[in-house]
Amino acid sequence: MGAAVFFGLAGIAFGPALALVLLTVAAEPLRVIVLVAGAFFWLVSLLLASLIWFISVHLSDREDARLQYGLLIFGAAVSVLLQEAFRFAYFKLLKKADEGLALISEDGRSPISLRQMAYVSGLSFGIISGVFSVINILADSIGPGVVGIHGDSPYYFITSAFLTMALVLLHTFWGVIFFDACERRRYWRLGLVVATHLLTSGLTFLNPWYEASLVPIFIITFLMGLWAFITAGGSFRNILKCLSCKQEDDSRVMMYSALQVPLEE
C-alpha cells in the first residue's frame with residue numbers, strides 16, 4: 001500500500017514535468033545544460049533564504065509561537081524574492097550566452113532561442129522547487145502509518161502532490177513571462193510575476209483548509225499558463241492545427257541548381 005501511494009503521489013506531482021523533459025528537453029544537449037544550470041541557481045537562492053531564516057530564528061525568542069509563525073511567513077517571502085532575483089540573474093547569464101553562441105555559429109544565429117531558454121529555465125526552477133517541497137512527504141507516504149488517524153486531514157498527501165504539480169507548472173509559466181518581460185523591458189509584468197508568486201506562497205499558509213488554497217492556486221496556474229501561451233506566440237489557430245495534426249505545404253520552392261556554385265569558364 002505504501003509503495004502504491006508513493007508512486008501515485010510522485011506521478012501526480014512530477015508526471016507533467018517528466019513528460020515535458022522527455023519530449024522537449026532530453027534530446028537537446030543545450031537545453032539539458034540550461035535545465036541543470038537553472039536548478040543550480042534555484043538551489044543557491046534557497047541556501048541564502050534558509051540562512052536568513054535560520055539567523056532570524058536564532059536571534060528571536062523561540063518561546064514566542066506567534067513570533068515564530070511570523071518569521072516563517074517572513075522566510076517564505078524572502079525565499080520568493082530571492083528566487084525571482086536569481087531568475088533575473090539567470091536571464092542575464094543566458095542573454096550573454098545567447099550572444100556568444102550567435103557569434104561562434106556559422107549562420108550568425110544562436111542554436112537555441114531566448115524563448116526556449118526561458119521555458120527550460122522555468123521548468124528547471126519548477127522541478128527542483130517541487131522536489132524540495134514534496135520529498136519529505138513522499139518519504140513519509142511509504143509508511144508505516146495511516147494519514148488522518150489522529151484527526152488530521154486524510155487528504156494531506158494527495159493535496160500536497162497536486163500543489164507540487166501546480167508549483168512546477170507555475171514556475172515554467174513564470175519563466176516564460178519573466179524572460180519576455182525582461183527582454184521587452186515591461187517591468188509591470190515582472191511585478192505581476194513576483195506578486196503572483198508571493199500570493200501563491202501565501203495561500204499555502206491557509207492549509208489544512210485545502211479548498212481555500214488549492215482552488216485559487218489552480219486558477220492562478222490556468223491564468224499564468226494562458227498568459228505564457230500568448231507570450232510565447234501561441235494562438236487558438238495554433239491549437240487547432242496541433243489537434244488536427246495537419247502540416248501546411250510550403251509554397252516556397254528552391255531549385256537545387258540554384259544552390260550550386262556556377263562553373264568558371
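1. Let me start with Leu 123, whose contacts, leaving aside residues up to four places away in sequence, are Ala 17, Leu 20, Val 21, Val 25, Leu 35, Val 168 and Thr 172. Please keep in mind throughout that this is a predicted model.

2. Leu 123 also turns up in the largest nonpolar core, which has 41 residues; together with Val 25, Phe 179 and Met 224, Leu 123 touches the most other members. Two or more residues each come from α1 (2–24), α2 (29–58), α3, α4, α5, α6 and α7. Helix α5 provides the largest share, eleven residues. Apart from this core lies another, of nine residues, including Ala 10, Val 134, Ile 137 and Ala 161. As background, nonpolar side chains in soluble globular proteins tend to be buried together.

3. Now the overall layout. Of its 265 residues, 37% are buried. Among contacts between residues at least 6 apart in sequence, 74% join residues at least 24 apart. The accessible surface comes to about 16,500 Å², and 69% of that belongs to carbon and sulfur atoms.

4. Is Ser 121 buried or exposed? Its relative accessible area is 2%, so Ser 121 is buried. Not counting residues up to four places away in sequence, Ser 121 touches Val 34, Tyr 90, Leu 94 and Phe 179; Phe 179 is one of the core residues named in point 2.

5. Helix α6 passes a simple length check. With 17 residues (187–203) at 1.5 Å a residue, α6 should span 24 Å, and its end C-alpha atoms are 24 Å apart, which agrees. Its buried residues are Arg 189, Leu 190, Val 193, Val 194, Thr 196, His 197, Thr 200, Ser 201 and Leu 203. The cover over them includes α3 (65–104), α5 (156–184) and α7 (210–231).

6. On to the charged pairs, of which the count is four salt bridges. In one of them, Glu 183 pairs with Lys 95, with the closest N and O atoms 2.9 Å apart. Because Glu 183 lies in helix α5 and Lys 95 in helix α3, this pair ties together parts that are 88 residues apart in sequence. Both partners are partly exposed: Glu 183 has 38% relative accessibility, and Lys 95 has a relative accessible area of 24%.

7. Asp 180 takes part in a network of salt bridges with Arg 184 and Arg 189. The closest N and O atoms are 2.9 Å apart in the bridge to Arg 184, and 2.9 Å apart in the bridge to Arg 189. Asp 180 and Arg 184 both lie in helix α5, four residues apart, or about one turn of the helix. How do they sit relative to solvent? Asp 180 is buried, at 10% relative accessible area, and Arg 189 counts as buried at 12%, whereas Arg 184 counts as partly exposed at 44%.

8. Finally, please look at the surface. Val 215, Ile 219, Phe 222, Leu 223, Leu 226, Phe 229, Ile 230, Phe 236, Ile 239, Leu 240 and Leu 243 form a nonpolar patch there, with about 1,100 Å² of accessible area together. Helix α7 gives the most, seven residues, and α7 and α8 (236–244) each supply at least two. Leu 243 has its place in helix α8; with 66% relative accessibility, Leu 243 counts as exposed.

Conventions: Residues are numbered from 1 along each chain as its sequence is written. This is a predicted model: local features need pLDDT of at least 70, side-chain atom pairs count only at pLDDT 80 or more; totals for chains, interfaces and linings use all residues. Side-chain values use heavy atoms; hydrogens and water are left out. The expected span of a helix is 1.5 Å times one less than its number of residues. Buried means under 20% relative accessible area, exposed over 50%, partly exposed in between (1.4 Å probe, protein chains only). Contact means heavy atoms within 4.5 Å. Patches are made of residues with over 30% relative accessible area and no salt bridge: like charges are joined within 9 Å, nonpolar side chains (Val, Leu, Ile, Met, Phe, Trp, Tyr) within 5 Å. Accessible areas come from the Shrake-Rupley method with a 1.4 Å probe; for residues, only the protein chains shown count as cover. A salt bridge is a side-chain nitrogen of Lys or Arg within 4 Å of a carboxyl oxygen of Asp or Glu. A nonpolar core is a set of buried Ala, Val, Leu, Ile, Met, Phe, Trp, Tyr and Cys residues joined through side-chain atoms within 4.5 Å.
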